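Could you take me on a short tour of this model? I have it open in my viewer and would like to know what to select next.

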Amino acid sequence: MQYDVIIGLEVHAELKTKSKCFCSCKNEYGSSPNSNCCPVCVGLPGALPVLNKFAVEQTIKAGLALGFEINKTAIFERKNYFYPDLAKAYQISQLEKPICINGHLKVFDKQIPINRIHLEEDAGKLVHEGKETFVDYNRGGVPLIELVTDALKEPHMETADEAIEFLTKLRQIYIYGGIADCELEKGQMRADVNISLKPKGSDKFGTKVEMKNLMGFKSIHSAINYEIARQKEILDDGGIVEQETRKWDFDKGESYTMRTKENAEDYRYFPDPDLLAVNITDEDIERIRKQLPPLPDEIKEKYITQYGLSEYDTDVILADKKIADFYEECILEYNKPKAVANWFTTEILARIKGGAGLGISKENLVWIIRAVDDKKIQRLTAKEFLADIWGKNVDAEAEAKKRGIMADLSSDFVFSILDKVLQEKNEVVTQYKNEKDEKILNFLVGQVMKETKGKANAQEVKEKLKEKLSD
Amino acid sequence: MDLKEIQHLAELSKLEFSKEELESFALDFASLVNLADNIKNADIKSKRVLNALDLKDLREDEVKESLPSKIILKNAPVAKKDSFVVPRVVE
Amino acid sequence: MEITKLSAIELRNEILKRNLSCYEVAKAFIDNIKKYESYNAVLEIFDDALQNAKVMDKKIAEGFNGKLAGVPVIIKDNILYQDKICSCGSNFLKNYKAEYNSTVVKKLIDEGAIILGRANMDEFAMGSSTENSAFGITHNPIAFDRVPGGSSGGSACAVALDMCPISLGTETGGSVRQPASYCGIYGLKPTYGRISRYGVVAFASSLDQVGIFSKTIEDNALMLEVLAGYDENDETSAKVKVDDYTNLDDAIKTKIGVPVEILNMTKGLECEKNFANFIEFLKKLNLEVVPVSIKNIELALATYYILAPAEATSNLARFDGVKYTSRSETAKTLQEIYKQSRSQGFGKEVKRRIMLGNYVLSSGYYDAYYNKAKAVQGLLIEQCDEAFKKCDVLVMPTTLGEAYKIGSKPSDPVETYKEDVFTVTANIVGCPSLSIPFGKGKSGLPLGIQLFGKKFDEKTIYSLAKLIQNNMN
């Protein structure tokens, strides 16, 4: 049987702020346990939350970047449940009046509707060792935005690829907007996925199954495909999909039941009496809109139309904001966007993909690119040179001179070498004259280049050789 | 209110009661709910009052010193490795 | 002069004039605490109180003249004072030592007060008699076999028995005014937001306020002046100018409003006659008395017993045996830690309110109870605003009658809750209300009258109270 698949996403991202959402402790990853804590974020008796203005502004920014309406009044509610990572036994969140309502994100050719983005506090971290669980509240109270797609509206996400594209684009928007760093391995961006299937064309929604504990896009992709297959199998066998929450086991590549509908939590939401509602004016929204930096779609447009880059090259450069920023810096120094982009998509990205950081300064890179364009260095030589000085604190120009790799084609030196090679490879020369085979010519070019230690311009050597041998 | 419902409230409250306690609670509850029910029938058109702050008046995003973890943990029934400790919660 | 009979203002004056030392003042009051130990008003005399008094003497010699320089103060046991036990009258927190200072304690210390000890209270401030304390009942200072009121019964009793000139209590639904009435002293519940709640263990956050007990109106006003004001650690504290409360004008012509519904509610109660006497008294002072209406005030009690438990349920969830409360020794799993620690730690009344709170918040009941109660709250606020268009201060009895006998309330908890019928409205609408001693009950025990003012207008009720105080002697 054929089914329509409906995929919904709930995406959590930790906001980039200096302090936590409801107290002035540092919002910082990786500190020693319980060192960024105060009475508020550990929920000590008598402690009271005080809302961070910038956290609200960051949430508004996220909303504006995704075409949301901003609620004029935002309310914070308490979501009550007991768990050791939740210091107060309630999480301050938003239910009735989230900061952002009704947005959308374009995924391939679909405009995916998003229901809301609300601001809440993150929970602490649990570390399980032996028979014990250790509770660290450093992350507790870190501002977190939760985005929820609107599965009730068309169009839906239907495949794992679409979901991953949604997440990839969302992540880029958050990063480019300066809203969140979204480092996946630090858990700064996490997603819950819900999936339901219905017979193709039916207007009745199927039972929704939620999947939690999805860290990293790879497990999200596998988990979605696993769940679609699982539900298909149940439905094909005439069974009923149970409403439940499932947990994804990354190592085993399968999911298992975490919570069924019967023991669903009753969170007893109610407005947090310690916090006042927040009034957000049109002036606030316009002020924040102006603070929003250019977002990936806008930059992409510029790269393609103004810089003349291919869509592929654009995507490759924009995939990592650090690279894109470096690219822009280089363009400012040397306004040849296409030439610079070529170096990025080949040399620079390959090196960074290996996990190494950026190993070259803007000045050195621009010098090398310019030198190649000005034919002062042979392209191949330049590439080797770049590899050589990668990660080293040197001045490219001085180093190139020191190494004697600058091109020196016009001198008699190159001609003498050329003659020398023609003499030595007499047989080959004859063969070329008979066959006019390009490969043979290239061989001779190679010989000359070898003799000049790569200083000559191969193209020009080739032309000179051609000239000589056509006599 | 039946005992099952009281039991559910106890679960939400993370409280345990003996059977006698539960029965006594059920009695009290009838009376409490009776009191609360007074407002159920009230003919109210008024809306909830919302006290609000303007965005610009919220706390600035500035870091202040945290408490030393030693103080954070000083009342903990069990603490090790600068952390609160509970029995392992996941397998 | 008998030190412990002096008011806070008199004590400060004598101390600053060097006629008395902080040390001898603190010592005299501590002696009284010990003398009246059997009343069980004070749970602990802080062992550094006398030492702090000595340090204060030195500071005063160097020119310090804080508003409470050398004045001994007792605080309710739910107000955090760093490194001191703060038990909230509960076994659950009997060993809990505050990690930090509440804003009010900081202010007391800054102005030179000597905090002598912590006062007994109903567990987590839930009760109207101090019979719900895990550390024993506090006795009425005038009639030992009666309750002092609650939940701040210890703080009220301490002032009445001269253990300190001023003490702090907390209010959620009458916990300062009612014991003040039973103990024959002044008790103020300020406007919601007037005093920071930071470091005060929460019962119902939208209703809680620190309150003040005193024997004179001037002392009460002085303390409010010290404690009032915006606090960046409490978003609900108000950025409203703090009046100069110590400069009270008792010649001010206050217009008095009497809610007609209150007259109906007092019918047949012990307070009925006294309230009528009070209105006559006001008229004799040439004050204008007008009838006003708070039409739905009879819904206030039900509203209170929905909103307060709802918030309390959530506020008390943090006491779970993981972070600071004692952990049940028999518990092995996390769920056992939660359930056993809480079941062993909380007393019966607290459990009852946690359960009630969960009931009104739980899915399926939320709209019928919690949301409806919030709507009634909105309505009562409107009705009070309307009433205040016709008058400056509302008056009503504080309690049904005089203090009742210990253990005399029937087992039905609602019978006890009805004690709060006159006091909860001020908390629900957020207005200030001061209970002043006026008249006696049938056993000759004190009764109280509430002066219920406009928001942030404590000054007018203080001025009226001063006029009344001056004309009673």
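Start by selecting H9(A) and H10(A), whose crossing is right-handed (left-handed means the near helix is turned anticlockwise from the far one by less than a right angle, right-handed clockwise). This is a predicted model, where local features need pLDDT of at least 70, side-chain atom pairs count only at pLDDT 80 or more, and totals for chains, interfaces and linings use all residues. Residues are numbered from 1 along each chain as its sequence is written, with chains lettered from A and ligands numbered from 1 in the order in which they are written.

Helix H9 covers residues 362–373 of chain A and helix H10 covers residues 379–389; helices are DSSP runs (H or I, at least four residues) numbered from the N terminus. They pack at an angle of about 170°, with axes 10 Å apart, the axes being lines fitted to C-alpha atoms over the stretch in contact and the angles running from 0 to 180 degrees between N-to-C directions. H9(A) and H10(A) are therefore roughly antiparallel (over 145 degrees).

Now show the side chains: A:Asn364, A:Ile368, A:Ala371 and A:Val372 of H9(A) meet A:Arg379, A:Ala382, A:Phe385, A:Leu386 and A:Ile389 of H10(A). Contact means C-beta atoms, placed from the backbone, within 7 Å.

Next, select chains B and C: 49 residues of chain C contact 32 residues of chain B. Which helix gives the most to chain C's side? H13(C) does, with 12 residues.

Finally, colour by confidence. Chain C has a mean pLDDT of 96, and 100% of its residues reach 70 or more; pLDDT is the predictor's confidence in each residue, from 0 to 100.

Conventions: Helices (H or I, at least four residues) and strands (E, at least two) are DSSP runs, numbered from the N terminus. Angles under 35 degrees count as roughly parallel, over 145 as roughly antiparallel, 65 to 115 as roughly perpendicular and the rest as oblique. Two residues are in contact if their C-beta atoms, placed from the backbone, lie within 7 Å.
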